[in-house]
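Please look over the structure first and then read the points in order.

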Amino acid sequence: MPKPRAWQKMLSGRRLDVLDPTPVDIEIEDIAHGLSFVARWNGQTLGEFPYSVAEHSLLVERLYSRLNPRAPAKWRLAALLHDAPEYVIGDMISPVKAAIGPAYDDLDKRLAAAVHLRFGLPAALPAPVKRQIKTADKISAWMEATEIAGFTLAEANRFFGTPGAGVLDGLTVALRPPVETRAAYLARHNELLAEMG
């Protein structure tokens with residue numbers, strides 16, 4: 001019996017084996033394109049456009065940088081890429097990920113490792129950096145929940161924690177057409193890579 005197909009053909013022409021990904025099959029243009037079309041919150045958000053994982057990733061990187069102003073460019077890049085595997089496996093809400101269990105987490109980790117290696121990061125991030133990115137991710141989720149996903153403040157505080165004073169100053173959740181979000185994601189990626197040297 002033939003082995004089932006486990007690869008995804010990308011617009012770049014690459015064939016990414018989802019079960020055994022390699023860094024050479026990963027292109028930032030594919031990531032930015034895919035993430036700009038993947039809706040957070042299963043599309044259950046207010047606004048004229050879906051709130052994309054690419055837009056969320058830009059916000060998480062800004063929050064991470066704000067919370068960790070001395071962080072080197074490589075860890076800011078890791079924050080931008082924190083949901084990169086979702087360009088091929090999509091975004092699932094946390095309760096679904098928990099229901100699926102370790103299989104989803106294993107797949108996500110393999111893809112993340114390949115993405116990290118492709119862009120000069122360690123396959124597995126140091127635990128403190130991972131925790132810092134998760135903190136920024138939760139603050140972003142709180143913002144999204146209260147601004148566009150219909151959560152009350154009490155619900156958002158219960159599920160995502162209450163953001164610290166001042167961390168949200170001047171920040172809002174952006175809703176843009178995918179083409180604009182994709183361009184912003186690519187631009188930020190390129191800025192961070194250039195900063196890394």
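1. Of the contacts in the chain with a separation of 6 or more, what share do residues 24 or more positions apart account for? Such residues account for 68% of those contacts, where contact means heavy atoms within 4.5 Å.

2. This is a predicted model, in which local features need pLDDT of at least 70 and side-chain atom pairs count only at pLDDT 80 or more, while totals for chains, interfaces and linings use all residues. Residues are numbered from 1 along each chain as its sequence is written, and side-chain values use heavy atoms, with hydrogens and water left out.

3. The chain holds nine helices and two strands, these being DSSP runs numbered from the N terminus (helices: H or I, at least four residues; strands: E, at least two). Read from the N terminus, the order of elements is β-β-α-α-α-α-α-α-α-α-α.

4. Buried residues make up 44% of the 197 residues in the chain; buried means under 20% relative accessible area, exposed over 50%, and partly exposed in between, with a 1.4 Å probe and protein chains only.

5. Leucine 175 lies in the loop between helix H8 (153-160) and helix H9 (178-196), and it counts as partly exposed because its relative accessibility is 29%. Leaving aside residues up to four places away in sequence, leucine 175 touches Leu46, Gly47, Phe49, Pro50, Tyr51 and Ile148. The C-alpha atoms of leucine 175 and methionine 1, which are 174 residues apart along the chain, are separated by 47 Å.

6. Along its principal axes, the C-alpha trace of the chain spans about 55 × 40 × 35 Å.
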